[in-house]
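Here are my notes on the model you sent over. Have it open while you read.

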Amino acid sequence: MKKLFASREALLMIAIAVLLGVISLRFPAFVAPSNLLGVFNDTSPLILLAIGQMIVILTKCIDLSVAANLALTGMVVSLVNIAAPGLPIIAIVAIAICFGTLLGMFNGILVWKLAIPPIVVTLGTMTIFRGIIFLLTEGKWVNSHEMSDAFKAVPRADLIGLPVLSWIAIAAVILFSIVMTRTSLGRAFYAAGGNPQAATYAGINVGLTQFWAFAISGAIAGLTGYLWVSRFAVAYVDVAGGFELTVVAACVIGGVSIMGGIGSVPGALLGALFLGIIANALPVVNISPFWQMAISGGAIIIAVILNAQANRTQGRIILKRAEHAT
Amino acid sequence: MKRRTFTSLVAGLSIAAGMMGSTAMAQDNMRIALVVKALGIGFFEAAAEGAEEAAAELGGVEIIYTGPTDTTAEGQIEVINSLIAQRVDAIAISANDPDAVVPALKRAMDRGITVISWDSGVSEEGRQMHLNPSSTPLIGNTILKLAADHMPDGGDVAILSASATATNQNAWIAAAEEALPNYSGVNLVATVYGDDLSDKSYREAQGLMASHPNLKAIIAPTTVGILAACQAVTDSGKIGEINVTGLGLPSEMAGCVDSGATESFAIWNPIDLGYSATMIAHSLATGTAAGPGAEIPMGRMGSVTLDDTGTAAMADPFTYDSSNIDQFKSIF
């Protein structure tokens with residue numbers, strides 16, 4: 001099992017290396033270390049959201065409201081920043097995480113207690129969250145000159161050669177790698193999605209586990225919401241419109257099974273990086289915008305086909321000894 | 001008998017007085033109604049300010065600034081009906097729907113009320129003329145001129161648009177390309193599309209800077225794009241090297257102008273628009289004929305000539321820079 005995971009991730013790494021090679025033929029400066037760090041930084045929000053989404057998908061759910069949660073939380077912290085410009089940024093970050101968690105818990109409660117299919121729940125809350133932004137602002141934008149300098153400075157502040165935004169993504173990758181592999185909650189996510197019946201017999205509350213998955217996804221989306229609006233220095237209703245699909249695509253490319261139970265943090269990281277590299281490379285390799293869409297879509301399908309092939313090799317040998325006996 | 005005569009006399013007198021009063025008022029004070037999409041929108045408040053300016057200049061003109069509380073055609077129809085009942089002399093409307101308000105406006109014209117549309121137009125049969133804030137060729141030329149003005153030695157410019165299929169943006173870009181030969185030394189090196197998404201526009205702007213090292217200006221004829229490009233230029237420390245310009249709103253662009261990433265940008269001036277609409281309404285109400293080819297004066301804004309559809313374009317988009325941004329950023 002472990003070997004299989006390693007090989008799938010190795011496959012993605014090879015794909016990324018090939019991708020970088022092809023891009024460098026057309027635009028050599030792209031593979032300069034400073035530019036690659038820039039690409040990583042630009043992909044950081046996607047990495048964060050992909051980790052949250054992966055946890056939700058592991059439990060056989062899906063969270064389509066991540067981008068709307070990001071936009072709503074971003075708008076809320078922007079409005080808080082306007083109302084109280086002196087508020088320390090640590091408080092803003094805390095508000096963002098708490099608010100995002102609440103929105104995620106709302107999804108989780110509906111899925112857990114009312115047993116509504118997650119795709120329906122989050123499709124609904126996606127629209128509701130965007131609607132709330134409109135109600136809060138009447139469609140007005142919060143612009144860079146209304147945000148305090150400290151508010152805008154955090155994601156791009158330099159810390160040992162990397163922007164804080166990148167460090168947050170790295171920290172999340174490390175933290176959730178540990179949570180997913182070394183804690184009972186992390187293993188419960190796999191169990192709840194991999195085989196809900198067996199998980200129930202093992203004493204895992206599947207609904208509650210799904211609730212926590214949504215809460216974590218919401219917390220990450222909230223934090224990313226602050227990072228997003230402060231990075232682009234603008235907050236409005238359509239911030240990150242359609243981004244939820246990019247996040248799901250990153251997970252799928254990263255080998256997360258949409259049926260639940262299979263996936264890893266490094267996989268989500270690589271899936272996000274793959275899409276991030278394409279998104280950053282297409283503008284510099286000078287390709288028609290219509291081809292850009294086709295290339296992005298094609299890359300997703302190829303990755304999914306590769307994943308499906310990888311899944312197929314996974315034989316279900318239940319009785320190892322019996323097999324050897326024959 | 002005597003008493004009844006007295007009452008009827010009083011009644012008759014008061015009616016006469018009332019009628020005389022209203023005729024006298026119509027002669028003394030022309031009442032022009034400025035009907036907007038909805039009340040409480042900064043852009044239209046500014047237009048009303050321009051209308052008042054025109055009224056003061058003309059003298060004897062009273063401006064009725066009105067509109068529904070939300071941007072619906074039904075709300076505007078109610079407003080129009082009440083204006084007909086008040087027997088205003090002219091209605092200048094920015095319509096929420098080009099067709100839905102036509103019957104109400106036709107009724108107004110049947111009653112001898114001058115009807116024009118401005119900003120957001122009404123179908124031809126529902127108004128005497130329509131005033132566009134600007135025209136495609138004027139906008140295309142302006143966005144290019146904004147970039148050229150700040151590059152005396154010429155150089156490379158690139159356009160960051162919305163989506164590749166956006167009709168408005170494509171028309172403006174085509175117009176800018178047509179105007180390109182008039183600006184010697186200015187090379188348009190690329191046109192890229194940010195889909196009106198902050199993150200994609202930001203990335204495209206970064207891509208432009210990476211693939212065109214000699215880039216002097218990024219022109220973004222879209223509010224999302226110009227902000228994202230401004231942020232990308234700021235983050236890469238290229239303020240002063242690369243000028244971000246295009247079409248934006250002063251309230252959104254104030255930060256970019258303050259930081260110096262944007263020298264100047266353009267958008268139609270709502271004050272001028274309200275002023276011109278009022279001037280035209282006044283002119284038509286006092287007897288100037290509207291029709292294809294008609295030339296209508298609009299005070300300090302010069303005059304406009306109507307085309308075949310009774311439409312005219314007011315002027316070049318208005319340019320905003322550090323000298324006037326503080327005045328306008330609170331307006332719209």
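1. Start with the largest nonpolar core, which has 204 residues; those with the most contacts inside it include A50(A), I51(A), I91(B) and A229(B). A core here is a set of buried Ala, Val, Leu, Ile, Met, Phe, Trp, Tyr and Cys residues joined through C-beta atoms within 7 Å. Buried means 20 or more other C-beta atoms within 10 Å of a residue's own, with C-beta atoms placed from the backbone. Helix α10 (residues 206-232) of chain A gives the most to this core, 15 residues; helices are DSSP runs (H or I, at least four residues) and strands are too (E, at least two), numbered from the N terminus. Domain 1 (8-134 + 270-315) and domain 2 (136-267) of chain B both supply residues, so the core lies between them.

2. A word on provenance: this is a predicted model, where local features need pLDDT of at least 70, side-chain atom pairs count only at pLDDT 80 or more, and totals for chains, interfaces and linings use all residues. Residues are numbered from 1 along each chain as its sequence is written, while chains are lettered from A and ligands numbered from 1 in the order written.

3. Those chain B domain bounds come from an automatic or database assignment. The two domain centres, taken over C-alpha atoms, are 36 Å apart.

4. Back to A229(B): leaving out residues up to four places away in sequence, A229(B) touches L160(B), S201(B), A205(B), I218(B), A220(B) and V244(B). Contact means backbone-placed C-beta atoms within 7 Å.

5. As for chain A, its secondary structure comes to 14 helices and 4 strands. Buried residues make up 48% of its 326 residues.

How values were computed. Buried ≥ 20, exposed ≤ 12 C-beta atoms within 10 Å, placed from the backbone. Contact = placed C-beta atoms within 7 Å.
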